[in-house]
Amino acid sequence: MASDTPLYIGFDLSTQQLKGLVVNSDLKVVHVAKFDFDADSHGFPIKKGVLNNEAEHEVFAPVALWLQALDGVLESLRKQGLDFRRVKGISGAGQQHGSVYWGQNAESLLRNLDSSKSLEAQLEGAFSHPYSPNWQDSSTQKECDEFDAALGDREHLAQATGSKAHHRFTGPQILRFTRKHPEIYEKTSRISLVSSFLASLFLGHVAPFDISDVCGMNLWNIKKGEYDERLIQLCSGVFGVEGLKQKLGEVPEDGGLHLGSVHPYFVERFGFSPDCTVIPATGDNPATILALPLLPSDAMVSLGTSTTFLMSTPSYKPDPATHFFNHPTTPGLYMFMLCYKNGGLAREHVRDAINESLKDTPAQPWANFDKVALQTAPLGQHNASDPMKMGLFFPRHEIVPNISKGQWRFTYDANTGSLKETTDGWNSPQDEARAIIESQMLSLRLRSRDLTQSPGNGLPSQPRRVYLVGGGSKNKAIAKIAGEILGGVEGVYSLDVGDNACALGAAYKAVWGIERQPDQTFEDLIGQRWNEDEFIEKIADGYQKGVFEQYGQAVEGFEKMELKVLQQEADKAN
Ligand SMILES: Nc1ncnc2c1ncn2[C@@H]1O[C@H](COP(=O)(O)OP(=O)(O)O)[C@@H](O)[C@H]1O
Ligand SMILES: O=C(CO)[C@@H](O)[C@H](O)COP(=O)(O)O
């Protein structure tokens, strides 16, 4: 390809790393750079990208860490030989719900960025608060109760904002912030989401929220297309409503909007073209559904730090157990999501316990986990009359369902419907490799079953395809078990970009934002340029008659098990 054709960068500012991925107009990846927060940063006592205050169930990340990471990723792209002059558009994806608190001098520091200094060196003082509450935080139960009550109950809040109140959602987090740090809140000039924070750095002024990511705040009324006044009133606490609205700012509807050109800092320091345009950055999950032309009958499972289940759908059917967001590019479509806190890190606990029990840490740390998971029979049943083994594995307070940390193991007899909490018959930790994957996938199947349809030929309701993305999508054992449980009449696929789907979706958003014809949808533009044979790979079978139905019975037991644990937890609390 000619050396002056356009390039686009998508950034992914996730929990454990920042990635920058460069594509050309044919959607092909030409560069990828990564800054791993734990491994590559210096000066921050973080673990897995975050800090914890256990006493208050707080989880948060230092904002300056992300500045250091952006400096690092841009340097690394330069070292790879990226010709920044060719970059026509930049977009991004941010871990959802996190908020950044800008100080009074933020706009002036952003406007006057000096290209002889790093971002970290000159923006450290731009924040009224040095930390961003992280999506793993669970310090806001009181505020969540107030949010649910503000519109009557959680059903009404879900109807209005797409979700019931959640600990991590930005509205409850801001309300808690007004109470814990009233003097800092007063001194805060603007509040960004992680996505709009990223866009702000490139623009050199505070960028507006993205139309999809704003739905992760419990403040945006999705059907009305505006902030919900009752929720803004609640969220502003003892401070004024107008003050909060000013801190939050406007929310443009167009996900492909040209926000402006990159700040001269990037032109002088890296050689960007002065007309390189910034397109709104969105949440990491909304960006993930942009990594391919996703059909409403398809499902994506993102196996990152969190596990998320994503679908693009024209129907808005909010429910307190799930999430709906505006689609990041296409008005009239929505993103359906389930989000689990105990995803990758919970699987790592089992992986480490297995390696420890075998006194073996292989070069590929997942090798023993995978082997054991594949050797174990579905649900630990050696024959059909054995009870099914199932469990819940939550090293952290879980979101779906809202249960504090702990581990529970059960057996379930599908013939009699009898469920017993017991470790009898369990060979731990070996049996837990398959059991934790099954537990996560059964929960997805349980909660997404109303959104799937029969693909015809008398087959049971299931997705057409299941796409796996995120760090865990490299794992073939997980892919095999995902196909057995979730089905997928055409199979289980992974993207050629491996665990970079989210950054890829952000880069495609930039391509669409810059190259679209008037009124051309994202699906149309990406669909036309998409090369299925090159971009995706079938990694496991989906629907398999017999085992899919066996797991159908297990879903019934799984639902009972969750209800039992929820009841036990409620009894303990009373
Ligand atoms: N081969 C593998 N098998 C299972 N999980 C993996 C494998 N490689 C990486 N992971 C998981 O991927 C997670 C990171 O996923 P990633 O999507 O890169 O993270 P983020 O949440 O920061 O977006 C890690 O927590 C790790 O457990
Ligand atoms: O809270 C959510 C979604 O509601 C998480 O999915 C975050 O968006 C972080 O994602 P990863 O770092 O795991 O990609």
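A polar contact is a pair of N or O atoms within 3.5 Å. By this cut-off, a polar side-chain atom of Thr-305 makes such a contact with ligand 1, lying 2.5 Å from one of its oxygen atoms. The side chain of Asn-475 has an N or O atom 3.0 Å from a nitrogen atom of ligand 1, and an N or O atom in the side chain of Ser-14 is 3.3 Å from an oxygen atom of the ligand.

This is a predicted model, in which local features need pLDDT of at least 70 and side-chain atom pairs count only at pLDDT 80 or more, while totals for chains, interfaces and linings use all residues. Residues are numbered from 1 along each chain as its sequence is written, chains are lettered from A and ligands numbered from 1 in the order in which they are written, and side-chain values use heavy atoms, with hydrogens and water left out.

Around ligand 1 there are 16 residues (each with a heavy atom within 4 Å of it), and among those that come nearest are Gln-17 and Glu-348.

We now turn to a sheet. Seven strands form an open sheet with mixed pairing, in the order E17-E18-E16-E15-E22-E23-E24, where strands are DSSP runs of at least two residues, numbered from the N terminus, and two strands pair if DSSP finds at least two bridges between them. Strand E17 (323-326) and strand E24 (536-540) are the edges, each pairing on one side only. Within the sheet, strand E15 (residues 299-303) runs parallel to strand E22 (residues 465-469), the two being paired over four bridges, and Ser-302 stands opposite Val-469 in E22.

Technical notes: A polar contact is a pair of N or O atoms within 3.5 Å; within protein, one must be able to donate a hydrogen and the other to accept it, and residues adjacent in sequence count only if both atoms are side-chain atoms.
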